[in-house]
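Welcome, and thanks for taking a look.

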Amino acid sequence: NFRVVPPATGIVHQVNLEYLASVVMIDPADASADAPLVYPDTLVGTDSHTTMINGIGVLGWGVGGIEAEAALLGQPYDMLTPEVVGVRLSGTRRPGTTATDVTLAIVELLRTRGVVGKFVEFTGSGLASMRLPDRATIANMAPEYGATVGFFPVDDETLRYLRLSGRSAATCDLVEKYCREQGLFRTIDAPEPSFSELLELDLAAVEPALAGPKRPQDRVVLPAVQRQFQASLAAGKGER
């Protein structure tokens with residue numbers, strides 16, 4: 001159960017998304033059984049942007065080195081049950097906006113609300129038009145909006161990406177069958193999960209914007225950039 005990825009292959013989060021993650025796992029001890037034990041893929045990593053894997057429906061986040069080493073040696077990871085904040089996405093992205101624009105709008109929304117130490121899960125009809133690379137971009141920014149994870153449920157887009165990235169037909173079939181059977185597969189007519197709190201964002205209302213890199217929550221929509229820049233130049237240092 002130990003694999004090494006050669007250097008210069010890409011960032012570890014991208015390798016995990018494109019190659020390592022299986023979404024659903026089979027217990028190695030039961031692999032040859034007629035009815036093996038199957039369970040969701042999860043992980044902890046030693047980098048805060050481990051959350052990128054949430055875009056493919058795998059629950060994972062960054063932890064400290066001692067916690068990661070303990071997990072590596074087969075020790076359980078203890079944690080308190082977190083609050084889960086739902087973000088209901090609706091509409092579709094307007095022409096001219098990018099996944100980065102949507103991500104910055106979500107960062108602003110969640111930092112304003114305050115989600116530190118909480119799980120965030122995305123739901124709603126807006127997911128139907130959101131491709132997996134866009135989901136991964138949003139999930140990757142979980143540290144910037146302060147959440148432990150930014151989770152996207154498994155759905156048809158997840159299966160499309162698994163096939164696109166070369167996962168076997170058996171893996172894709174297992175992911176679909178298991179998630180549907182366990183009620184983990186998102187469909188248009190599936191009941192919305194119950195959340196500790198629910199926020200909403202209309203993707204059609206997101207405008208092109210600039211922000212960061214050090215403070216991505218300080219988002220400025222593109223039409224206001226010139227005015228904001230001139231105001232910042234005229235302001236005192238402490239007021240910028």
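Predicted model: local features only at pLDDT ≥ 70, side-chain atom pairs only at ≥ 80, totals over all residues.

Residues are numbered from 1 along each chain as its sequence is written, and side-chain values use heavy atoms, with hydrogens and water left out.

**Cysteines**

- A disulfide is a covalent bond between the sulfur atoms of two cysteines.
- With a disulfide taken as a pair of cysteine sulfur atoms within 2.5 Å, the count here is zero.
- C172 takes part in no disulfide, and the nearest cysteine sulfur, that of C179, is 11 Å away.
- C172 is buried at 3% relative accessibility, where buried means under 20% relative accessible area, exposed over 50% and partly exposed in between (1.4 Å probe, protein chains only).
- C179 is buried too, with a relative accessible area of 2%.

**Salt bridges**

- Side chains of opposite charge can pair when their charged atoms come close.
- The structure holds 13 salt bridges, each being a side-chain nitrogen of Lys or Arg within 4 Å of a carboxyl oxygen of Asp or Glu.

**The pair between two helices**

- D156 and R180 form one of the salt bridges, with their closest N and O atoms 3.9 Å apart.
- D156 sits in helix 6 (residues 156-164) and R180 in helix 7 (residues 169-181), so this pair ties together parts that are 24 residues apart in sequence.
- Helices here are DSSP runs (H or I, at least four residues), numbered from the N terminus.
- R180 is partly exposed, at a relative accessible area of 42%.

**Pairs within helix 7**

- E176 also meets R180 in a salt bridge, at 3.1 Å from N to O.
- About one helical turn separates E176 from R180, because they are four residues apart in helix 7.
- E176 counts as partly exposed, at 22% relative accessibility.
- Elsewhere, salt bridges that share partners join R88, E192 and E200 into one network.
- K177 pairs with D173, and their closest N and O atoms are 3.2 Å apart.
- Both K177 and D173 belong to helix 7, where they are four residues, or about one turn, apart.
- Is K177 buried or exposed? K177 counts as exposed at 55% relative accessibility, while D173 is partly exposed at 35%.
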